[in-house]
Amino acid sequence: MFGLELPFDTWESTLDWLLGAPLRVVLILLFAVAARWAAHRAIRGVVEGAAKRADDHERSSLERAFDSATGARKERRRQRALTMGSLLRSIATFLIATVALLTIMAELGMPLAPLLTSAGIGGVAIGFGAQSLVKDFLSGIFMIIEDQYGVGDLIDTGEAVGTVEEVTLRVTRLRDPSGVVWFIRNGEIIRIGNKSQGWAVATIDIPVAYDEDPARVIPLLRDVAAQVYADPDWSEKLLEEPSVAGVESVSGGTMTLRIFAKTRPGEQWGVPRVIRERAKERFDDEGVRGPRISPFGDAQV
């Protein structure tokens, strides 16, 4: 009608074409969408499970109870899972989209050999020119997966010591005690000392006069340690009651006694101060003498 009628053979050939390449392209796209959904779902489960296992590794039941109550570890685990999940989902989406695009091009009869050859040569050239960038990214990925450190941790990178303010796949930003901000490439970090992970040990040295009797002074320090541990303001910052190791050294008219306190991360500086303050108060009450320094710089009794 109106010159639009087509021969039966033409309709048949058009139908065959529609059921051929176009249908396969649609199926490829549907399969790619389904594969992307499945990959994202699997990545989410794997990353969250790995993050939880990393948090629970080598942590005591007391630490787990504290972390569960405060929600600090839960929040950190959530942030790490989000970071790694976002990265892995982006990689999965890119790979699935690339495979789907190449498959569609092949279905449409486009030559792939020249394209793949050019991409291979370009990839090699980019790889040689971006070795350090790839190294930084891989190091950042493993640092996040293994939870070597996170925002708020006090770390020692060898080049700088400070509190982590930001962690990305390429660089780590930290601020040292003097306020200087350091930007450190992840690929350049050879070793990491994390002073805020799990627990810390505070070492407290208490000097007294050389001729003081250890049998009298040590029980006093044990009472001080027990009082600090029983104080509600400090009991939550200590993992166990501080222990008095005994006499650490005797020299120059001074006897030094040592105390060890196992604390929560970041509390290894505040706990020694309160123990020293209370030890001094107790020594003053009991008449325990401290070392005296002569004008010549020698400790005198």
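I looked up Arg185 first: Arg185 forms a salt bridge with Glu188, with the closest N and O atoms 3.4 Å apart. A salt bridge here is a side-chain nitrogen of Lys or Arg within 4 Å of a carboxyl oxygen of Asp or Glu. Arg185 counts as partly exposed because its relative accessibility is 31%, and Glu188 counts as partly exposed at 47%. For these classes, buried means under 20% relative accessible area, exposed means over 50%, and partly exposed lies in between (1.4 Å probe, protein chains only).

I noted the ground rules next. The model is predicted, so local features need pLDDT of at least 70 and side-chain atom pairs count only at pLDDT 80 or more, while totals for chains, interfaces and linings use all residues. Residues are numbered from 1 along each chain as its sequence is written, and side-chain values use heavy atoms, with hydrogens and water left out.

**Whole chain**

I recorded nine helices and 10 strands. Helices (H or I, at least four residues) and strands (E, at least two) are DSSP runs, numbered from the N terminus. Of the 301 residues, 32% are buried. I took a contact as heavy atoms within 4.5 Å. Among contacts between residues at least 6 apart in sequence, 63% join residues at least 24 apart. The accessible surface is about 18700 Å², and 61% of that belongs to carbon and sulfur atoms. Accessible areas come from the Shrake-Rupley method with a 1.4 Å probe; for residues, only the protein chains shown count as cover.

**Other salt bridges**

I found 15 salt bridges in the structure. The side chains of Arg258 and Asp205 meet in one of them, at 2.7 Å from N to O. This pair links distant parts of the chain, with Arg258 in strand β8 and Asp205 in strand β6, 53 residues apart. Asp205 is partly exposed, with a relative accessible area of 29%.

I then checked Arg282, which forms a salt bridge with Glu286, the closest N and O atoms being 3.6 Å apart. Arg282 and Glu286 are four residues apart in helix α9, so about one helical turn separates them. Arg282 counts as buried at 19% relative accessibility, whereas Glu286 is partly exposed at 38%. Elsewhere, salt bridges that share partners join Glu165, Glu166, Arg173 and Arg175 into one network.

**Helix α9**

I stayed with α9, which has 17 residues and reaches 25 Å from its first C-alpha to its last. That is close to the 24 Å expected at 1.5 Å a residue, the expected span being 1.5 Å times one less than the number of residues. Its buried residues include Gly270, Pro272, Ile275, Ala279 and Phe283. What covers them includes β6, α7, α8 (232-235) and β8. Gly287 follows α9 and has a positive phi, near 80°.

**Cores and a patch**

I took a nonpolar core as a set of buried Ala, Val, Leu, Ile, Met, Phe, Trp, Tyr and Cys residues joined through side-chain atoms within 4.5 Å. The largest has 23 residues, and Leu221 and Phe283 have the most contacts inside it. The elements giving two or more residues to this core are β6 (200-209), α7 (214-230), β8 (254-263) and α9 (270-286). The most comes from α7, with six residues. Leu221 touches Ile206, Val244, Leu257, Ile259, Ala279 and Phe283, not counting residues up to four places away in sequence. Apart from this core lies another of 14 residues, among them Val25, Ile28, Met84 and Ala100.
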